[in-house]
Amino acid sequence: MRNIALILRYDGSRYHGWQVQKNEISVAQTLEEALSRTCGHKVKTVGCGRTDAGVHALRYCANFRSDTRIPLDRLPLAVNSRLPEDIAVLEAVEAPEDFNAIGSCIKKEYVYKILNSNIRDPFLEKRVCFYPQHLDMELMQRAARAFEGTHDFKAVRSEGTKTKTTVRTVYWCRAEKEGNIITVSICADGFLYNMCRAMVGTMVYASYGKLLPEDIPQLLEKGDRRLTGPTMPPQGGRCFPDIEASPPYICS
């Protein structure tokens, strides 16, 4: 069987995240059903990581094994004809035997967008978090930098799937503003449940003076979720991974 890697993009608005759920519709379940019909056998995918309910993916990597004879340059068209309009396979390639979408992932980038204006934009409703109160960019940028490095991020995660460790390395965390759009970019070796949205919420708290940016490392050490900022709404979030392999597996 061939090991096939897919690059896909999806609007997560109506899905309960990537991972297959018992009672909720997920991206993985929807993709696996389409792949199974296309390939003529049951397909199980491995995704490069979980995404929260309602969060989108710009470039997401998954792999699966199949003996399908469909040429890989035609596979995206075949699968997309069986997928809903909010999920699209962009590319399919044959991957090395030992390639695993999550095991080969060395870092991921999560981007969160805020429309910081007192007038909402209907065309951005599912793409940004509408936030009409003024946000202080200098304080947000200082708070963003305070998250960088290797820390225990228990203080900015929600209870969910158990993990072996809550320690993660954040390679960069940036807050930038162009017009009325604030973009927060977080690159790390992995994320905990709701971690990025809680980090953005903590930056928002710092913008209001509810906490000092320089206090963030100490708050992370305390590990108390109650001391950090709120979990921001999901529609402003989107993510994409960086895969440890030669192009075209790199997804950043």
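**Salt bridges and confidence in a predicted model**

The protein averages a pLDDT of 88, and 92% of its residues score at least 70. The model is predicted. A search of the whole structure finds 8 salt bridges. Side chains of opposite charge can pair when their charged atoms come close. Three of these pairs are described below, followed by notes on confidence.

**Arginine 14 and aspartate 86**
- The side chains of arginine 14 and aspartate 86 form a salt bridge, with an N to O distance of 2.7 Å.
- Arginine 14 sits in the loop between β1 (2-10) and α1 (27-39), while aspartate 86 sits in the loop between α2 (75-80) and β4 (87-94), so the pair ties together parts that are 72 residues apart in sequence.
- Arginine 14 has a relative accessible area of 46% and is therefore partly exposed.
- Aspartate 86 counts as buried because its relative accessibility is 17%, and the cut-off for buried is under 20%.

**Aspartate 52 and arginine 197**
- A salt bridge also joins the side chains of aspartate 52 and arginine 197, at 3.3 Å from N to O.
- Aspartate 52 is in the loop between β2 (46-47) and β3 (56-66), and arginine 197 is in helix α4 (residues 195-208), so this pair ties together parts that are 145 residues apart in sequence.
- Aspartate 52 is buried, with a relative accessible area of 14%.
- Arginine 197 is buried as well, with a relative accessible area of 8%.

- The side chains of glutamate 138 and arginine 142 meet in a salt bridge with an N to O distance of 3.2 Å.
- Both residues belong to helix α3 (residues 137-146), where glutamate 138 and arginine 142 are 4 residues apart, about one turn of the helix.
- Glutamate 138 is partly exposed, at 42% relative accessibility.
- Arginine 142 is also partly exposed, and its relative accessible area is 25%.
- A network of salt bridges links Glu138, Arg142 and Glu214.

- Confidence in the protein is highest in α2, at a mean of 97.
- Confidence is lowest in strand β10 (residues 237-243), where the mean is 47.
- Over residues 240-252, pLDDT stays under 50.
- For residues 240-252 the model has 51 contacts beyond four places in sequence.
- Where pLDDT is low, the predicted coordinates should not be read in detail.

Notes. Residues are numbered from 1 along each chain as its sequence is written. This is a predicted model: local features need pLDDT of at least 70, side-chain atom pairs count only at pLDDT 80 or more; totals for chains, interfaces and linings use all residues. Side-chain values use heavy atoms; hydrogens and water are left out. A salt bridge is a side-chain nitrogen of Lys or Arg within 4 Å of a carboxyl oxygen of Asp or Glu. Helices (H or I, at least four residues) and strands (E, at least two) are DSSP runs, numbered from the N terminus. Buried means under 20% relative accessible area, exposed over 50%, partly exposed in between (1.4 Å probe, protein chains only). pLDDT is the predictor's confidence in each residue, from 0 to 100. Contact means heavy atoms within 4.5 Å.
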